[in-house]
Amino acid sequence: MDDRSPITTRADFDAVVVGAGFAGMFMLHRLRQQGLKVRVFERGSGVGGTWFWNRYPGARCDTESMEYSYQFDDALQQEWNWPERYSAQPEILKYANHVADRYQLRPDLQFNTQVLSATYDDARHLWTIATNDGKAVSARYFIMATGTLSVANKPKFAGLDSFKGRVFYTSDWPHDGVDFSGRRVALIGTGSSGIQSTPHIAEQAARLTVFQRTPNFSVPARNRPLTDDERNATKARYGELRNFTYQQPFATQFHLNDVSALSVSAEERRRVYEERWNGLGGLHFMAAFNDLMFNGEANKTVAEFIVDKIHAIVKDPKKAEILAPRNGVVGCKRLCSDTGYFETFNRDNVDLVDVSRSPIEEVTETGIRVDGIDYPVDDIVFATGFDAMTGALLGVDIRGRNGLSLREKWAAGPRTYLGLQTVGFPNLFMVTGPGSPSVLSNMMVSIDQHVNLISDTIRYLDSREVLAMEPEQAAEDGWVSHVNEVADLTVYPTCNSWYLGSNVPGKTRVFMPYVGFNTYVARCKDVVANGYQGFRLERRDAATA
Ligand code: NAP
């Protein structure tokens, strides 16, 4: 096939990539540019990953469109016109398809194919990847680009199978849409997906009953159409803006007010919060002061502000009390950004059931029972989230050196070096894996950084005839400790959230993402500059000696 390595000739592919979302598509593009033979397996019938599956009404990105896009090709970012400040799911999916066509990715994408297992052969330095069509292929590199929020958390309520109505999951929404006209709908879950879909379902349904376990903080998105002038202004300085985001802790252009919330008077704080609430809105809200995510006392000030807002918006005091997160820490669970969520509870056809103290008892043939009370419904919508960060990785039976099982290795939580690799699994790379900033950053920027890092690494390994790369044990242990140390400087570990895996029954509670995109990027650069410090590189001469 080529003159790089005889090992290449023994593999079906240089690299197999799992997932054709934004990470997998870019990974394919980059590796093909390097002349590698790549196959991407995707369980869906199209590209787009999370945006392929999450088609629920109101699905929209809460990172600004001009930032939630690829940056690898200036021509692409100049030619694409995002219509709104925050893009709706259909627009993002259109963009994903445009990219697949523009870079002629489709010949190397194999849809409707689920990867079941991947097994490393120590002697041949090859991965064997088995798929649900009964076939298997070999590859030198195995790259999981499976996303962080891609395996649904589906609570197993007693009696669910007996329910006679329709059941939907926001994370796997019917492609033809759903008509709720004249229906009584139950919605379970009030995270981003539930909060986004509630106003839309309420508009259509005869009755909507929202079942809330934990009250959530949400701020108005302030979405609106983008003007030509706004788009052009960004495009004129795209390079500069992209560089700027690479230097930011959340890889996004939050307008940070670089003072402590506790250093100003209560009146001044309120003025700043009001300005953010009414003006920029969205996740920018948490940049109102520089210590909201680091100092519990500072966080309380913003929590009180939002609780007051909920009470001002929601007319029924009982509903307002249930919706307002008392003693909550803003941003500890990921902050939501909405359009008319709390206002929806002022509609006559919307009810709210608090299931925090009495959980949902069972699903009956005709509805949902809580605390002995039956709520008759025709449809149930589950917006109950994901087995985040590790769900998709452990969904594949991955076996490394000597048959080591990733599921077993990570039984007490994921262990990686830089969220890129894990000891015992040579040449397995994870795009935005646990231990990398991923979900605590603009995902498109994290994907850009990881895909570039992985493809540069593969070029490095191939050029030096390295057969296998994996972390050193000490580097992995040190990184896992560091991820936790940094998290402990923040308010993140102070509540139950999917960042900690505590939303999934039985999952070990451990903080998974890395806080601080800019420091992470600097660390990666150092590691590379020091000859992949912390990684063990097995060279051909050593292997054959
Ligand atoms: P989520 O934030 O994990 O919310 C799941 C909801 O379901 C929570 O309210 C949870 O309650 C509830 N729940 C789970 N199991 C339950 C049970 N057995 N009984 C009752 N309630 C139960 O999931 P999500 O809303 O899909 O969002 C996940 C993440 O996806 C977001 O945080 C965000 O990162 C991303 N996302 C982003 C956007 C956007 O860009 N705007 C949109 C959608 C999703 P508890 O809180 O008590 O666990």
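Modeller: Gladly! Let's start with helix α2 (residues 22-33) and helix α15 (residues 443-463), whose axes come within 9 Å and cross at roughly 35°. Please keep in mind that this is a predicted model. The crossing of α2 and α15 is right-handed. On the α2 side, the contact is made by F22, A23, F26, M27, R30 and L31. Facing them from α15 are M444, I447, D448, V451, N452, I454, S455 and I458. Sorted by class, the contact of α2 with α15 comprises 10 nonpolar, two polar and two charged residues.

Now stay with α15 and turn to its packing with helix α17 (residues 517-529). Here the angle is about 5°, and the axes are 12 Å apart. Angles under 35 degrees count as roughly parallel, so α15 and α17 are roughly parallel to each other. The residues that α15 brings to this contact are V445, S446, Q449, H450 and L453, while α17 contributes F517, Y520, V521, C524 and V528. By class, the contact of α15 with α17 has seven nonpolar and three polar residues, with no charged ones.

For another helix pair, look at helix α9 (residues 266-278) and helix α10 (residues 296-313). Their axes come within 11 Å and cross at roughly 55°, which makes α9 oblique to α10. This crossing of α9 and α10 is right-handed. From α9, the residues in contact are R269, R270, Y273, E274 and W277. They meet A298, T301, V302, F305, I306, D308, K309 and I313 in α10. The contact of α9 with α10 divides into seven nonpolar, one polar and five charged residues.

Finally, the ligand. It is surrounded by 24 residues, and the closest are S193, Q196, R213, T214 and K333. One of these, T214, places a polar side-chain atom 2.4 Å from an oxygen atom of the ligand. The backbone takes part too: a polar backbone atom of R60 is 2.9 Å from a nitrogen atom of the ligand. A polar backbone atom of A383, in turn, is 3.3 Å from an oxygen atom of the ligand.

Technical notes:
Residues are numbered from 1 along each chain as its sequence is written. This is a predicted model: local features need pLDDT of at least 70, side-chain atom pairs count only at pLDDT 80 or more; totals for chains, interfaces and linings use all residues. Side-chain values use heavy atoms; hydrogens and water are left out. Axes are lines fitted to C-alpha atoms, for helices over the stretch in contact, and angles run from 0 to 180 degrees between N-to-C directions. Helices (H or I, at least four residues) and strands (E, at least two) are DSSP runs, numbered from the N terminus. Angles under 35 degrees count as roughly parallel, over 145 as roughly antiparallel, 65 to 115 as roughly perpendicular and the rest as oblique. A crossing is left-handed if the near helix is turned anticlockwise from the far one by less than a right angle, and right-handed if clockwise. Contact means heavy atoms within 4.5 Å. Ala, Val, Leu, Ile, Met, Phe, Trp, Tyr, Cys and Pro count as nonpolar, Asp, Glu, Lys and Arg as charged, and the others, Gly among them, as polar. A residue is near a molecule or strand if one of its heavy atoms lies within 4 Å of it. A polar contact is a pair of N or O atoms within 3.5 Å; within protein, one must be able to donate a hydrogen and the other to accept it, and residues adjacent in sequence count only if both atoms are side-chain atoms.
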